Amino acid sequence: MQDVVLALLAKEPSHGYELRARLQTALGPLGDELNAGQVYVTLRRLEKAGLVDVRVVGQSDRPDRKVYDLTPAGRDRAAAWLTDLSWERTAPTEFHLKLTAAAASGMADPVALVDAQRRALLRRLAEVRRAAFDQPPGSAAALLLEGASLRLEADLRWLESCAAHWNNRTDEE
Amino acid sequence: MEHVLRAEGLRRHFGSGPSLVRAVDDVDLAVAPGETVGIIGPSGCGKSTLLHLLGGLDRPDGGRVLLHGRRLDGLSETAAARVRRTAIGFVFQAFHLVDELTARENVELPALLAGASPREARRRAEHLLGRVGLADRAGHLPGMLSGGQRQRVAVARALVNDPPLLLADEPTGNLDSAAATEVLRLLAELRREGRALVVVTHDPRIAGAADRVVTMRDGALVDETVLV
């Protein structure tokens with residue numbers, strides 16, 4: 001969250017409300033759980049860490065507001081984050097190990113675990129696709145949902161391979 | 001509530017002795033009006049055989065199929081063909097269009113076979129080709145169309161007699177991702193207009209767009225996911 005807020009500030013100095021609005025546009029429905037408090041807490045932390053500066057701007061018709069800007073250190077960190085190549089580790093390894101352990105220990109039927117996981121992923125896929133349907137085509141939020149959908153599709157295809165693998169193992173016993 | 005389609009204890013076996021294949025083994029399935037049911041499962045699990053039995057394209061060795069409460073499995077071949085023409089629309093993975101006929105003629109064909117006048121068949125075909133976004137391709141032969149366009153012609157053909165039920169066997173199986181998306185959008189529209197749909201598919205996107213997904217393994221329905 002800190003890195004994201006820094007990167008958003010790299011465009012121009014901004015206030016909390018505007019940052020939140022920009023995040024929500026970028027994330028679409030996936031940003032629904034983001035509340036205003038999170039953005040302000042993050043900004044305060046960044047300020048303490050010396051990564052952003054705050055300036056209070058008076059407004060004639062409304063209360064004063066705080067405008068945040070990157071310090072040189074903040075700009076360095078935003079640049080480092082943008083070019084960092086780390087990629088979220090995917091869930092399948094753990095699930096794969098669960099199936100292996102279930103089969104080895106006899107504590108659970110691996111095929112039943114696959115079935116349960118498929119139900120969960122299908123429900124998630126249905127949600128993501130419904131959400132994508134509500135987004136204007138070509139929007140940033142639609143692009144993010146497409147990524148979520150493609151990953152779920154890949155996971156569902158892989159689950160079918162798991163089902164086939166462990167189903168055959170059970171038959172051989 | 002009356003189901004559009006209902007299968008009870010459906011069974012279809014091939015071969016015998018050690019080479020016996022239980023392609024469909026004691027399957028119960030009920031499809032409500034307007035419901036979209038996805039059938040998924042590994043290759044060879046019996047999904048296509050099941051779909052053929054549901055549509056009266058193949059006869060079961062046991063059990064029964066009821067279409068709007070009337071038995072489909074016991075009908076003579078002629079009677080079954082008549083029901084298939086008017087009450088069920090079929091969409092196949094390989095499109096199954098007649099290569100020598102234009103898109104419009106392919107769509108008209110089942111209407112003419114069901115007794116519509118040439119003028120009425122033409123009217124419906126033009127309307128449906130417009131609906132699937134192919135009004136300007138009506139005079140093309142299938143060979144001049146892309147895979148996605150051919151499948152959309154096939155969907156238009158399946159709808160020409162306005163059947164309350166559509167059965168589709170891997171409708172996106174031969175299509176690239178963009179063409180599959182077009183077909184997917186079309187199926188979603190049919191769902192919204194209240195047509196019942198049973199789709200056999202490997203495509204998680206189609207499964208994710210269904211109201212209910214059943215998983216088939218070794219000829220049996222082994223799992224179900226309700227999505228709405």
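Helix 1 of chain A packs against helix 4 (residues 72-83) of chain A at an angle of about 110°, with the axes 9 Å apart. This is a predicted model, in which local features need pLDDT of at least 70, side-chain atom pairs count only at pLDDT 80 or more, and totals for chains, interfaces and linings use all residues. Residues are numbered from 1 along each chain as its sequence is written, chains are lettered from A and ligands numbered from 1 in the order in which they are written, and side-chain values use heavy atoms, leaving out hydrogens and water.

- Helices (H or I, at least four residues) and strands (E, at least two) are DSSP runs, numbered from the N terminus.
- Axes are lines fitted to C-alpha atoms, for helices over the stretch in contact, and angles run from 0 to 180 degrees between N-to-C directions.
- Helix 1 and helix 4 of chain A are therefore roughly perpendicular to each other (65 to 115 degrees; under 35 is roughly parallel, over 145 roughly antiparallel and the rest oblique).
- In their contact (heavy atoms within 4.5 Å), Gln2(A), Asp3(A), Val4(A), Leu6(A) and Ala7(A) of helix 1 meet Gly74(A), Arg77(A), Ala78(A), Trp81(A) and Leu82(A) of helix 4.
- Helix 1 (residues 2-9) of chain A also has its axis within 10 Å of that of helix 3 (residues 36-48) of chain A, and the two cross at roughly 80°.
- That angle makes helix 1 of chain A roughly perpendicular to helix 3 of chain A.
- Here Gln2(A), Val5(A), Leu6(A) and Leu9(A) from helix 1 touch Thr42(A), Leu43(A), Arg45(A) and Leu46(A) from helix 3.

**Where chain A meets chain B**

- Chain B gives 19 residues to the contact and chain A gives 18 residues.
- About 1600 Å² is buried between chain B and chain A, and carbon and sulfur atoms give 56% of this area (buried area is the accessible area, with a 1.4 Å probe, that two parts lose on being put together, summed over both).
- Four salt bridges are counted between chain B and chain A (a side-chain nitrogen of Lys or Arg within 4 Å of a carboxyl oxygen of Asp or Glu).
- Arg119(A) and Asp223(B) form a salt bridge, with their closest N and O atoms 2.4 Å apart.
- On chain B, the elements giving two or more residues to this side are helix 6 (177-192), helix 7 (204-208), strand 9 (212-217) and strand 10 (220-226).

**Salt bridges overall**

- Over all chains, the count comes to 30 salt bridges.
- Asp61(B) and Arg12(B) form a salt bridge through their side chains (3.3 Å, N to O).
- This pair links distant parts of the chain, 49 residues apart: Asp61(B) is in the loop between helix 1 (47-54) and strand 4 (62-67) of chain B, and Arg12(B) is in strand 1 (residues 5-14) of chain B.
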